[in-house]
Amino acid sequence: MTTLLQNVNEEVFRTYVFWTAVLVVKMLAMSMLTGRQRLRKKVFANPEDIQPSKKGAQPKFDDPDVERVRRAHRNDLENILPFFAIGLLYMLTNPEPFIAINLFRAVAVARIVHTLVYAVVVIPQPARGLSWAIAYFATAYMAVKTALFFL
């Protein structure tokens, strides 16, 4: 195992850490964006979040703008968390630095674009689908390469 850790290229590792940190900040921002949408639209999911002056107001779960941001956030959880795990394991395969660095960049930039076109400035398909696919297939590539390496 020590040999595997010694084979990790420093530039690849630093790039992975940088883009992982960027994606963590992006995911944290999604929580803030959801809250902003809820406040702007005055749409709350919990009774205790409704202002006392709004007697009779009920929690609401179907506002399209709030739900769009929530879906984008859920999509992040479904796609970015696997990248965190497989990106780390992929580095242990001693990949070609150029390929690894650009895969990490591609995933991160594609996920940022995905959020922008899905939840911030809605742009018709195929923008969202393409940005999702770039990150998805880059992550899948790393997963397959890692699995084959350790086979």
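In this predicted model, the axes of helix α2 (residues 10-41) and helix α3 come within 10 Å and cross at roughly 165°. An angle over 145° counts as roughly antiparallel, and α2 and α3 are therefore roughly antiparallel to each other. Their crossing is left-handed. Sorted by class, the residues in the contact of α2 with α3 comprise 18 nonpolar, six polar and seven charged ones.

The loop between α2 and α3 contains K42. The phi angle of K42 is near 55°, a positive value in a residue other than glycine. Most residues other than glycine have a negative phi.

Helix α3 (residues 64-91) also packs against α4: the two axes come within 10 Å and cross at roughly 175°. That angle makes α3 roughly antiparallel to α4. On the α3 side, the contact is made by R68, V69, R71, A72, N75, D76, N79, I80, F83, G87, Y90 and M91. On the α4 side, the partners are I99, A100, L103, F104, V107, R111, H114, T115, Y118 and A119. By class, this contact of α3 with α4 has 13 nonpolar, five polar and four charged residues.

Helix α4 (residues 97-120) in turn meets helix α5 (residues 127-149), with axes that come within 8 Å and cross at roughly 150°. That makes α4 roughly antiparallel to α5, and α4 passes α5 in a left-handed crossing. The residues of α4 in this contact are I99, L103, F104, A106, V107, A110, R111, V113, H114, V117 and Y118. They meet A127, R128, S131, W132, I134, A135, A138, T139, Y141 and M142 in α5. The contact of α4 with α5 divides by class into 16 nonpolar, three polar and two charged residues.

| Helix pair | Axes come within | Crossing angle |
|---|---|---|
| α2 and α3 | 10 Å | roughly 165° |
| α3 and α4 | 10 Å | roughly 175° |
| α4 and α5 | 8 Å | roughly 150° |

Several residues of α4 take part in contacts on both sides. Among them, I99, L103, F104, V107, R111, H114 and Y118 are in the contact with α3 and also in the contact with α5.

The loop between α4 and α5 holds P126. A cis peptide bond joins Q125 and P126, with omega about 15°. Most peptide bonds are trans.

For the chain as a whole, there are five helices and zero strands, and the pattern along the sequence is α-α-α-α-α. The C-alpha trace spans about 65 × 35 × 25 Å along its principal axes. The radius of gyration of the chain is 19 Å, whereas a compact globule of 151 residues would have one near 15 Å.

An unreviewed UniProt entry places the feature "transmembrane region" at residues 16-34, 77-93, 99-123 and 130-150. Over residues 77-93, the model is 88% helix and 0% strand, and the end C-alpha atoms lie 25 Å apart. Over residues 99-123, the chain is likewise 88% helix and 0% strand, with the end C-alpha atoms 30 Å apart.

Key. Residues numbered from 1 in each chain as written. Predicted model: local features only at pLDDT ≥ 70, side-chain atom pairs only at ≥ 80, totals over all residues. Heavy atoms only, no water. Axes fitted to C-alpha atoms, helices over the stretch in contact; angles between N-to-C directions. Helix = DSSP H or I, 4+ residues; strand = E, 2+ residues; numbered from the N terminus. Parallel < 35°, antiparallel > 145°, perpendicular 65-115°, else oblique. Left-handed = near helix turned anticlockwise from the far one by under 90°. Contact = heavy atoms within 4.5 Å. Nonpolar A, V, L, I, M, F, W, Y, C, P; charged D, E, K, R; others polar. UniProt positions renumbered as here; feature names shortened; annotations may be inferred. Rg over C-alpha atoms; globule rule 2.2 N^0.38 Å.
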